[in-house]
Amino acid sequence: MQVDNLLEPIEISKDRIAFLRTTLKKQFLALKEEFAQHPNTTRLFKQHCKFIDHLLIELWSDLHIEPACCLIAVGGYGRGELFPYSDIDLLVLIPTESQENSQLNKSIEYLIGLMWDLGLNIGHSVRNLEECISEAQKDITVQTNVLESRLLSGNNTMYQNFLFNIAKNISPIDFLKAKLKEQELRHAKFNDTAYNLEPNIKESPGGLRDLHMIIWITRSLQVKNHQYAAPSNPWLSLAKDQIISVTEARRIRHHEKKLQLLRSHLHFLSSRREDRLLFDFQNDLAATIGYTNTQRRRASEQLMQSYYRSVKFIELMNEIVLKLLEEIIVASPPTVRKINDKFEARNDLLEAKSANMLQQDPSAIFEAFLLLQQHPELSGMSATLLRTLQRVKPLVNKDFRQSALNKKTFIEILSQPSGVNRALRAMNRYGILGSYIPAFGKIVGQMQHDLFHVYTVDEHILNVLANLRRFAKPELKHEFPLCSQIFAEFDSPHLLYLAALFHDIAKGRGGDHSALGTIDAFNFCKLHHLPKADCALVSWLVEAHLKMSSIAQKTDLSDPSVIESFADFVENKRRLNALYLLTVADIRGTSPVVWNAWKARLLENLYSATSRALSHPTFHAKQTIQRRIKEASEKLSRFGLSNHTYEQLWEQFGEHYFVRHESDEIAWHSRLLTPHLYSENPIVRARLSPYGDGIQVMIYIQDKNDLFARICNFFDRMGYGIVEAKIFTTKHGYALNSFIVLDQSGKSVSYSGLLKFIELELANQLDDQYQLESPLKGRVSRQVKHMPIQAQITITKEAENSNHKLDIVANDRPGLLATLAQQFLKHNIKLHNAKINTLGSRAEDTFLISAKNGECLDFNHVNSLQMALLDEL
């Protein structure tokens, strides 16, 4: 594409401004079309900068700005890296004596206003030389910007003086320290991970900013040495200076171009300065670049895995090169301390004593990570050792995996009292973990489009392991007291870490990842000569890792038969302890928003009830009911209620009521309802839930078909979500329903006014004079819109009664539960129980249903309900 020349300068009239604006739009469209046909970022940057340069120089000339002034491109624009919608950073350098020149100030103000009027995204500053130096000393961002300056127009002598004085005031050591701190804070904003599902190409760890860091530190050295002209290829320049190899320079440039290409496409697709790889654009971006869907993987998943692998390499090179530059800049004699015959500590970094030691003795690769655990005073590996690791990584092969010493050392790494998470994260970052466990290598950078995992599979696995490690730290026992106590008593923590490593390792292969992962885990444990009992525990944990959360969140934990069945499944206390720890760590490792106090309490209740059942295997359902009745009677006696006061109430409730409700609920219901056994008006009572977050609401009313639909509508319009519903019908035809509700942000409620509002308003809404409202039809979330999941409806017959279990997996949306409730009403479905589980933007709800009068649903009834629900979802 040939960028057109602008017309000869004329007076800045409205016609001239309109012409420039039109020309600017035409040139931008030409750039876009050229890039769409031939995606080349080098050409894009060159053409974009050339046109903007030309335009700004003409504007500067048209306005006859004082000759002593300079128009300087800084930042990314100064570097010649101008993305389609990036800011155009400018510095207007003026002589000190011109500050009081009102005509100059007006001209510059008019120039900046004109640039904005033309549609240019300008980031500008107007300073004299003293102000530039002063601001650069105070603000590292200013200092960074001026390091990448280019003179566009104006006094070259003044510009050279500017460069000389900036160089004179730069301290590469101070600059390095400030930039390292800045990078640390930037990475912390992204939780120190590049592996979110919607990463920022520019700012996330491993993004373009990490490459800019290397360029900036190098420029501080070059400018200090009065090398003002930036090299056209900074990576080959580093190779020429023997800081990196030519191969490394080429690989860095390859991955840099890949990220630049993505960012450029993203700007054009979004028509704005958008640097986040949002779900909104991932599908279109993948198609634009040429990825296509396969049977197992979406095009967007392939795109993102490629992106994450580039990020992984950039993170590594950022660490290596910054360490090498630090050695050059600091240039002080190293402090060397012997570690053992193979390794030493050099400036608190682990270093091999000889350059070819890892090549000659590959087993030392694992030894290096073990030493980092055993010597916490070491801050990491030296740049030389890291580069050697990359060179010898192919030696972590089949022979390496078969080595008895290496197998022993790997288990030893997992068995250390500290540093396990640090060691495994480092092994993953440097590519060693994926080489040693090939199945792990396949899931590095793999996305999970399930709307509740917000990390790649490998990052999620390491998060789960990190959560397990938190249970081991006494200073963190206040976070999860029960988990910390159980972990402290667990005899073999390394088995939990192995289960964490393998629990999701088979994601993306097709089939049941738990079953496939179980085989991988068993083979790995057997290969590492673990005792049979340990092999069995690890493989069982991988197979069962979803079981406990499913039971806790989808079944009625007050039903003794549920607890008995789960106790039979886990078989013993050791398995229960291990599964509970893994489950808590797993849920917490999916997303910052999925875990809440309600889920914590559900799991803790299931753990405690199962623990009791395992301790008293002969203590069956009848004894549980007797215990509940006794405990409820004792609680009621404290309120002055004797047995005969509520015996008629309990008679109408029937025996099954005591199966479905805990003693605390029984006492609460009995105390409130004893005087109102045959009440003609609905009774609604609310309290802060004694079982965790949220509000518990009791509704007692003569049974009616649309009751559940009315209740769902009410809470929907309040902005509250139902997480549990116990639907119970008494012998005398009353509905006694109990709900746990949370506000949609998951916060707890602590004021009584809201409870009174629920009691009064919900009672009114249950009156037949109020017409049943249609469910809310709110917007689905952005993620759901662009990465929808296929709705799944499963209806299965319960073996022990006439009920059916309805499982629904669907995209969450406002009004979802009310919509389901109205379908139940339309199809004459009787609801007995509901567990509502929201995982990010994914709903996984379970209902216990039957036909209207409690009888079993026939085939046609099941089929029509299933089709209707699928149509709705």
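**Sheet and helix packing in a predicted model**

Author: In this predicted model, helix 11 and helix 13 are oblique to each other.

Reader: Why is that pair called oblique?

Author: Their axes cross at roughly 135°. Roughly antiparallel needs an angle over 145 degrees, and roughly perpendicular stops at 115, so the pair lands among the rest, which count as oblique.

Reader: Okay, and which residues of helix 11 and helix 13 make the contact?

Author: Helix 11 (residues 246-270) and helix 13 (residues 299-330) have axes that come within 10 Å, and the crossing is left-handed. From helix 11 you get E248, R251, I252, H255, K258, L259 and L262, and from helix 13 L303, S306, Y307, S310, F313, I314 and M317. Sorted by kind, that contact has eight nonpolar, three polar and three charged residues.

Reader: Switching to the sheet, what makes strand 3 and strand 4 edge strands?

Author: The sheet is open, with four strands in the order 3-2-1-4 and mixed pairing. Strand 3 (122-127) and strand 4 (150-154) each have a single partner strand, so one side of each has no neighbour in the sheet. On average, neighbouring strands are turned by 25° against each other, direction ignored.

Reader: How do you know that strand 1 and strand 4 pair?

Author: Pairing takes at least two bridges. Strand 1 (residues 70-73) and strand 4 are joined by four bridges, so they count as paired; they run antiparallel. In that pairing, I72 sits opposite L151 of strand 4.

Reader: What packs on the sheet?

Author: Helix 2 (residues 41-62) does, touching strand 1, strand 2 (88-93) and strand 4. Helix 4 (residues 102-117) lies across strand 2 and strand 3.

Note on methods. Residues are numbered from 1 along each chain as its sequence is written. This is a predicted model: local features need pLDDT of at least 70, side-chain atom pairs count only at pLDDT 80 or more; totals for chains, interfaces and linings use all residues. Side-chain values use heavy atoms; hydrogens and water are left out. Helices (H or I, at least four residues) and strands (E, at least two) are DSSP runs, numbered from the N terminus. Axes are lines fitted to C-alpha atoms, for helices over the stretch in contact, and angles run from 0 to 180 degrees between N-to-C directions. Contact means heavy atoms within 4.5 Å. Angles under 35 degrees count as roughly parallel, over 145 as roughly antiparallel, 65 to 115 as roughly perpendicular and the rest as oblique. A crossing is left-handed if the near helix is turned anticlockwise from the far one by less than a right angle, and right-handed if clockwise. Ala, Val, Leu, Ile, Met, Phe, Trp, Tyr, Cys and Pro count as nonpolar, Asp, Glu, Lys and Arg as charged, and the others, Gly among them, as polar.
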